Structures are given as structure tokens and as C-alpha cells.
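Me: Please take a close look at one part of this model and at what surrounds it. I would like one connected account, with the cut-off behind each term given once.

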Amino acid sequence: MKIPAPLLRLCFVLFTVVLLLGCGNSKDKSVDQPKKVAVIISTLNNPWFVVLAETAANRAKELGYEATIFDSQNNTALETDHFENAIASGYDAVLFNPTDADGSIANVRMAKKAGIPVFCMDREVNATDAATSQILSDSYAGCVAIGKYFVEKLNKQGKYVEILGMVGDNNTWSRSKGFHSVVDHYTDLKMVAQQSADFDRNKAMEVMESILQVHPDIDGVFCGNDAMAMGVYQALVSAGKANQVMVFGFDGADDVINSIQQKKILATGMQFPKLMAKTAANYAQEYFNGKRDFAQKVPVTVEMVNQENVNEYSAYGSDE
């Protein structure tokens, strides 16, 4: 059956109107969609980083954005997968806790090339032209304070061990250098061992058990984070030396704050992960609103917590 020309013209007009309305609705929907924020974290196998991740994601959601947490499991290859996924999935910003100061640079630059701002939290990358901004604890100054307290508690003499974090993380060396900038001036304090435990509690326990077999008569242990401090303390308990060896940590994690209150751990450096995470999310919002002139590095003060002042602090510091 032949369709009359006037009817064909009417059908064409109606089809065009429907098509235009559909396109218009699609465009409006894309405009109304909230921006997406990826929270890419070095590892969630540590309560401190869980707090960092969840605070960043929750603050992004409070600001009206979608937020997803990605766990890199301390693996730069997996971290790369997360960045590629974030770019391909249309994420608008990355709140980032790097796995490696050098190895993570390429991932940040990949996001930058795609027009996605990256805000580093707690850990930095060794480049000033990659991340939009880096919000970092002042680990060096925090460990200067711990070094002074360490010298005082050991009466300026004795044998000690240092347990380092991940060798590819600048925080490891900032903390170590801050500590040694004080302790190395006291020649009667002898470091008998210095080993890495990758910021991991179980590894620190194993490393400490091995060290105690060679150096059973140590007086103190300085640990690059609280997870390792707890692992070291476990090893000392197993060896029957928990009351003889003083343990110092760094982070302000819940279990170490409790252990300081119970007079098991001597001191820690209180970081403020909630503050760093919220700052990163707030910076992302400012970026979305058009700001571009962010400070490359934003230092966050670290405060020493010991058995004398521990009741003035809560785990993971203030979120203000």
C-alpha cells in the first residue's frame, strides 16, 4: 500500500521531534549526573589507611559526588590498573595515596594527561609537575620530637634497633632522617640493626624475632609506623622482653594509643589522616569550581603522643 506524501511528511516531522527530545533528555541527564571521585589507596591492610580512605570517600559524598575506594595492595601494577579504570570510567578526580614515590609518578601523569586532577594524601610522588597538590604529614619534624624523647627515655645510652617502612616511600626516609638527626649525636647510643618491614605488622614481628636471636640485649626499638610497633611488641612479648625494651611508633593508630595508655608502647607520632583526607576532597571540589592555583605541597603537623599526654588525644587525631 502506498503511503500518501502528506502522511510521510508528518511521520518524518514526528520522528525528528522525538529524536530531538530524546537527545535533549540525554544531555540533561549527563548534566545532572554527580561528578565521580576515585579514592586510590596504597593498601587497606592497615587500619590507618582504612581511616584515610573512608574519610576521603565520605567527605566526597558529603559534597555531593560519587566516590569509590580502590585498594592497590602495595602493588604499583595494580595501582596502574586502578588509574586506567578511573580514566576509562569517566572519573573526574583522584584522591591518591601512592604506593611508591617514584613508581607512582607515571600513573599521576597519566591522569593529568587525561585532564583528571590528582590530590596526594599522606604520601608523595617525587615530581612537582604531576599531582595537582600533595597534602603531607611533616614526618621529619615529628620524628625529631620522637628522637629527643627516645634519647631521654634511654638515658642517652644503650643498644637499639630501627624498623623501617617501605624503602620506596619517602615517608620511610623522612622519619628515619628526622630520628637520626637527633639520636646520632649521642655516641653511647648504638644502633645494632636496621631492617625494613614494609609498614606491615606481621613482617615486623618476624623481623624482630630474627633480630632478637642475634641481639637479645637491646634497650629500645624505633618503628616507622604503628603497625610495625605492634608487631615488634608482639615479638618482645613472645621473647619475654616486653618489660625490658622500649618501643616507639609513628601514626597515632587506635591500637597503639591504647597500648600507650596501658604503658606498653612508649610513644608515637600522631598524624591526622582525617584532616588530610578531608582537605584532599575539599580541594577536588575547589578544582571542580574552577580553582587551579593549588600549593604543590601542603604540610600537616605531627604531634608526639606519650604516656604523659596520651589522654589528651584520640586515635587518628582530629578530623577538624
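Reply: **Strand β1 and its surroundings**

Strand β1, residues 36–41, runs parallel to β3 and is joined to it by 4 bridges. Within this pairing, V37 faces A93 of β3. Strands here are DSSP runs of E with at least two residues, helices are runs of H or I with at least four, and both are numbered from the N terminus; two strands pair if DSSP finds at least two bridges between them.

The model is predicted, so local features need pLDDT of at least 70 and side-chain atom pairs count only at pLDDT 80 or more, while totals for chains, interfaces and linings use all residues. Residues are numbered from 1 along each chain as its sequence is written, and side-chain values use heavy atoms, with hydrogens and water left out.

Both strands belong to an open sheet of 6 strands, ordered β2-β1-β3-β4-β5-β11 with parallel pairing. The edges are β2 (66–71) and β11; each has a single partner strand, so one side of each lacks a neighbour in the sheet. From one strand to the next, the twist averages 15°. Helix α2 packs on this sheet and touches β1, β2, β3 and β4. The direction of α2 makes about 175° with that of β1. For such angles, axes are lines fitted to C-alpha atoms (for helices, over the stretch in contact), and values run from 0 to 180 degrees between N-to-C directions.

N97 sits in the loop between β3 (93–96) and α4 (105–113). With a relative accessible area of 0%, N97 is buried (under 20% is buried, over 50% exposed, and partly exposed lies in between, using a 1.4 Å probe and protein chains only). Leaving aside residues up to four places away in sequence, N97 touches I40, I41, S42, F49, L52, E79, M121, D122 and R123, where contact means heavy atoms within 4.5 Å. With S42, N97 makes a side-chain to side-chain polar contact of 2.6 Å. That term covers N or O atoms within 3.5 Å; within protein, one must be able to donate a hydrogen and the other to accept it, and residues adjacent in sequence count only if both atoms are side-chain atoms.

The charged pairs come next. Side chains of opposite charge can pair when their charged atoms come close. The whole structure holds 8 salt bridges, each a side-chain nitrogen of Lys or Arg within 4 Å of a carboxyl oxygen of Asp or Glu. One of them joins K297 to E124, with the closest N and O atoms 2.7 Å apart. K297 is partly exposed at 44%, whereas E124 is buried at 14%.

Another salt bridge connects E62 with R59 at 3.0 Å, N to O. These two residues lie in helix α2 (residues 47–62), 3 residues apart, about one turn of the helix. E62 is exposed, with 57% relative accessibility, and R59 is partly exposed, with 22%.

Last, the cysteines. C120 is buried at 0% relative accessible area, and C223 is likewise buried at 0%. The search of the whole structure finds 0 disulfides, meaning pairs of cysteine sulfur atoms within 2.5 Å.
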